Amino acid sequence: MDEEHIALYPFASEVSAYVENLRVSLESLLNSPAFRRSRVRGMERVMQSIEGEIEKPLIKDESWLLSETLSYPFAQILVACVDDQLFTKRYALKEAEAASKWLEKESTDFLLEFGEDFGIQAEAEELQFSMHFADYIRFSSSIREPIWKLTNRQLRSGMVVVTKKDFVRLLQEAIKERIEKSFPIPKIPSEVSSFCAPYVAEIKDKFEVHRKKFGTTDFGVVEPELFPPCISHALANVQGGVNLAHSMRFAMTSFLLSVGMSVDEILNLFNVSPDFDAEVTLYQIEHIAGATGNVYKPPACDTMRTYGNCIGKDRLCEKINHPLAYYEKKIYLKNKEKEMEKEKEEEKEKREEIEKEEEKEKQEEKEKKRKGKESRKREGKEEKERKNRNKRKEYNN
């Protein structure tokens, strides 16, 4: 991969070796004036991921290639310091979308080689790509449109046939997955966190302002324990084999789709219902998911109350007006708690480090006193011996 492609696709496997060969230390990346441009661009790509899309400037010169390449690891550090699951997912999505726009312009050979980096073995003939069905399922499972279902694709000897545009779309999912899996970064040094604190504060403020504008794909990993009481109650009934009223079934299904559950996952929830009909249920779920072109949103709390579906109302329910807002708030509170625990842990480590340093200083002072005492004792002994020698000389004389 040449330097231009390295700058455009900094998450490719071989880029880490390239960056390592640059011999740019983390300290230099954070503090050196020589890499100020990389830091500015790194912050820019993070902020752009919140505001809309990450824009990749047209290739300019060697200096640009370096700053663009190094801006990615700096952006990763910032995302890791923000440490918010929703934000991480948003950032990964926008990096992947930005890359896919450039991938659409790449040659067939480049796309095949690029796919190999993500474990995708594919072949190309004219304007079509063929890939193993297992790779296809892996990267298409998170795409909700019915056209991406394997049953709606051409399958030849275990290979799925797709267009170049669709192949690039699958590469986008592969990129998103790789970036998401690169977080969280296990142990961020306290000095790095301190340096990034002003950047992180600005990012968090911006993210909170835009949070409500984001689509439903930004909820991250589905966490049922954070569902609002009405949805938890409906789920418990479904899993207990109780038939739900049509209005509650619609509310639960549309909610689960909105927070990121797939059609197949929801279908499996209903298979214990007494009147379960796989074909009919699948049709209903796909209809709500947008198979007919209209994606249905879950009803607001007022509508839930109107149909008698507001069950188990708690304190948080009194402050929100939509089941999705409840779930979003719960995720925010959980992440906030996690952040506070992390800060406490860092503070504890800092205190322990200070105590260790103080103990070390005490021991050094103690050792210094001991050595001073021994030195004085030795000097006293030597002085005594000197006096005795002088007395003996006087006596002999």
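Which backbone oxygen does the side chain of Thr 253 reach? The side chain of Thr 253 reaches the backbone oxygen of Arg 249, at 2.8 Å.

This is a predicted model, where local features need pLDDT of at least 70, side-chain atom pairs count only at pLDDT 80 or more, and totals for chains, interfaces and linings use all residues. Residues are numbered from 1 along each chain as its sequence is written, and side-chain values use heavy atoms, leaving out hydrogens and water.

Thr 253 is found in helix H12. Helices here are DSSP runs (H or I, at least four residues), numbered from the N terminus. Thr 253 is buried, with a relative accessible area of 2%. Buried means under 20% relative accessible area (1.4 Å probe, protein chains only). Leaving aside neighbours within four places in sequence, Thr 253 is in contact (heavy atoms within 4.5 Å) with Ile 266, Phe 270, Ile 285 and Ile 288.

H12 also packs against H13, at an angle of about 145 degrees and with axes 10 Å apart. Axes are lines fitted to C-alpha atoms over the stretch in contact, and angles run from 0 to 180 degrees between N-to-C directions. The table lists the residues that make this contact.

| Helix | Residues in the contact |
|---|---|
| H12 | Arg 249, Met 252, Thr 253, Leu 256, Leu 257 |
| H13 | Val 263, Ile 266, Leu 269, Phe 270 |

Helix H11 spans residues 229-239. Its buried residues are Pro 229, Cys 230, Ile 231, Ala 234, Leu 235 and Val 238. What covers them includes H12 (246-258), H13 (263-270), H15 (301-306) and H16 (323-396). Just after H11, Gly 241 takes a positive phi of about 85 degrees.

Definitions and conventions:
Buried < 20%, exposed > 50% of the residue type's maximum accessible area, 1.4 Å probe, protein only. Helix = DSSP H or I, 4+ residues; strand = E, 2+ residues; numbered from the N terminus. Polar contact = N/O pair within 3.5 Å; in protein donor to acceptor, adjacent residues only side chain to side chain.
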